[in-house]
Amino acid sequence: MNCRRMKKNIPLVSGGGLSAKKGQRIRAHLDRCPGCGQEAREFEAALKAAKSLAAADPPEDWSEAEWRKMMAAIASKKIGRRRVLVSIPSKPVLAGGLALVLVAAGAFFLLKKPANEPGRPRSPSALVSPSQVRPEEPSSVTIVSKETGLKIMWFFNKDLDLEKFGK
Amino acid sequence: MSDQEKDLVERVLSGDTAAFEPLIAPYRKPLLGLAYRMARNSEDAREITQDAFLRAFKYLRNFDADKSFKNWIYKIVIHAARNFQNKKAKEGRVVASGPVKEAAARGSLGPERGLERRELRSRLMDCLNVLTPREKEVFLLRDIEDLSIRESARILGCSAISVRVHLSAARGKIRERIKIRHPELMEGKK
């Protein structure tokens with residue numbers, strides 16, 4: 001390991017925070033390289049100084065009477081009910097759901113027939129007059145995510161055109 | 001979480017509210033210490049810790065018994081401290097160490113001891129002031145409270161890599177600050 005890469009790891013090896021294997025490798029370099037070794041010693045000294053400053057200035061604790069009073073006040077409160085939160089699905093689940101939607105959308109556009117292509121015979125339903133059109137149930141595709149319960153429904157008319165809502 | 005903690009949590013939830021005190025007592029001093037370093041004075045630290053204990057009691061039913069109670073309660077204190085600081089900042093109050101409040105709070109100490117403490121505190125605060133809020137949280141949890149990288153990550157709700165990155169930056173800044181402003185500390189003198 002060269003000194004440039006070492007510089008990034010010195011703060012972590014000095015105060016702990018690296019894996020044993022990596023730490024060992026870095027320590028071996030520190031023993032060989034006086035510059036990096038000096039820097040590591042400075043980090044250790046600074047960290048030690050910060051810790052000793054913190055230890056020498058503890059916060060003012062509650063007196064026993066104050067503590068008991070506070071505990072009694074807390075214990076007199078009611079414990080809340082379990083919060084039922086709508087849990088946000090994890091990233092892989094969201095990614096899976098999105099992939100599913102994209103695949104479905106892709107399949108839809110690939111399978112979709114062009115509606116009014118010139119020279120192409122129109123569908124039988126388009127040749128009959130509007131009064132003869134029977135109200136039919138539109139065909140639909142429903143995709144339900146097992147993980148999230150998210151349900152996506154698409155409605156199509158006879159020509160496999162996406163039905164607009166409200167029609 | 002230890003069996004004893006599990007038992008205490010169950011007792012509190014079944015109505016024995018007196019069991020809450022032995023449940024949080026082991027964390028009393030470390031949590032107060034953490035709040036103190038974040039809030040920068042004892043009075044605010046006590047307010048933050050008290051608020052955190054109250055929240056812990058109120059929302060104990062939401063605690064997942066399969067997870068660490070220690071991490072959970074540390075998380076609550078971190079959030080309480082952040083909320084407190086935000087609230088103070090909105091109100092336009094100064095978050096820095098309040099010498100008047102501290103002098104009153106430490107009235108029991110002699111003037112010399114009080115002065116020495118204030119001096120030590122101002123040096124530590126001077127070092128912590130150069131850190132960003134996240135760096136400060138990581139540094140306090142890992143280096144002052146001696147929690148592991150993984151525990152710190154769980155408490156802060158981030159990855160271990162993120163903790164390492166912030167910790168590395170924080171240690172670098174602290175070292176620079178001590179080297180430039182308080183070189184006597186590097187030599188082992190207080």
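Angles under 35 degrees count as roughly parallel, over 145 as roughly antiparallel, 65 to 115 as roughly perpendicular and the rest as oblique. The model is predicted, so that local features need pLDDT of at least 70 and side-chain atom pairs count only at pLDDT 80 or more, while totals for chains, interfaces and linings use all residues. Residues are numbered from 1 along each chain as its sequence is written, and chains are lettered from A and ligands numbered from 1 in the order in which they are written.

Q: How do α3(B) and α5(B) lie to each other, roughly parallel or roughly antiparallel?
A: Axes are lines fitted to C-alpha atoms, for helices over the stretch in contact, and angles run from 0 to 180 degrees between N-to-C directions. The axes of α3(B) and α5(B) come within 10 Å and cross at roughly 25°. The two helices α3(B) and α5(B) are therefore roughly parallel.

Q: How many nonpolar residues are in the contact of α3(B) with α5(B)?
A: Two residues are in contact if their C-beta atoms, placed from the backbone, lie within 7 Å. On one side are B:Leu31, B:Leu34, B:Ala35, B:Met38 and B:Ala39 of α3(B), which meet B:Ile73, B:Val77, B:Ala81 and B:Phe84 of α5(B). Ala, Val, Leu, Ile, Met, Phe, Trp, Tyr, Cys and Pro count as nonpolar, Asp, Glu, Lys and Arg as charged, and the others, Gly among them, as polar. The contact of α3(B) with α5(B) has no polar and no charged residues, and its nonpolar residues number 9.

Q: Which word describes α3(B) and α4(B), oblique or roughly parallel?
A: The axes of α3(B) and α4(B) come within 8 Å and cross at roughly 125°. The helices α3(B) and α4(B) are therefore oblique.

Q: How many helices are there in chain B?
A: Helices (H or I, at least four residues) and strands (E, at least two) are DSSP runs, numbered from the N terminus. Chain B has 0 strands, and its helices number 11.

Q: Which elements do the buried residues of α5(B) pack against?
A: A residue is buried if 20 or more other C-beta atoms lie within 10 Å of its own, exposed if 12 or fewer, and partly exposed in between, with C-beta atoms placed from the backbone. Among the buried residues of α5(B) are B:Phe69, B:Ile73, B:Val77 and B:Phe84. The buried residues of α5(B) pack against α1 (3-13), α2, α3, α4, α8 and α9 (149-156) of chain B.

Q: Which element gives the largest share of the side of chain B that touches chain A?
A: The contact takes 46 residues from chain B and 31 residues from chain A. Elements giving two or more residues to the side of chain B include α7 (111-128), α8 (133-144) and α10 (160-181). With 9 residues, the largest share comes from α10(B).

Q: Which residues of chain B is A:Ala49 in contact with?
A: A:Ala49 belongs to helix α3 (residues 34-56) of chain A. A:Ala49 is buried, because 24 other C-beta atoms lie within 10 Å. Leaving aside neighbours within four places in sequence, A:Ala49 is in contact with B:Ile178, B:Leu185 and B:Met186.
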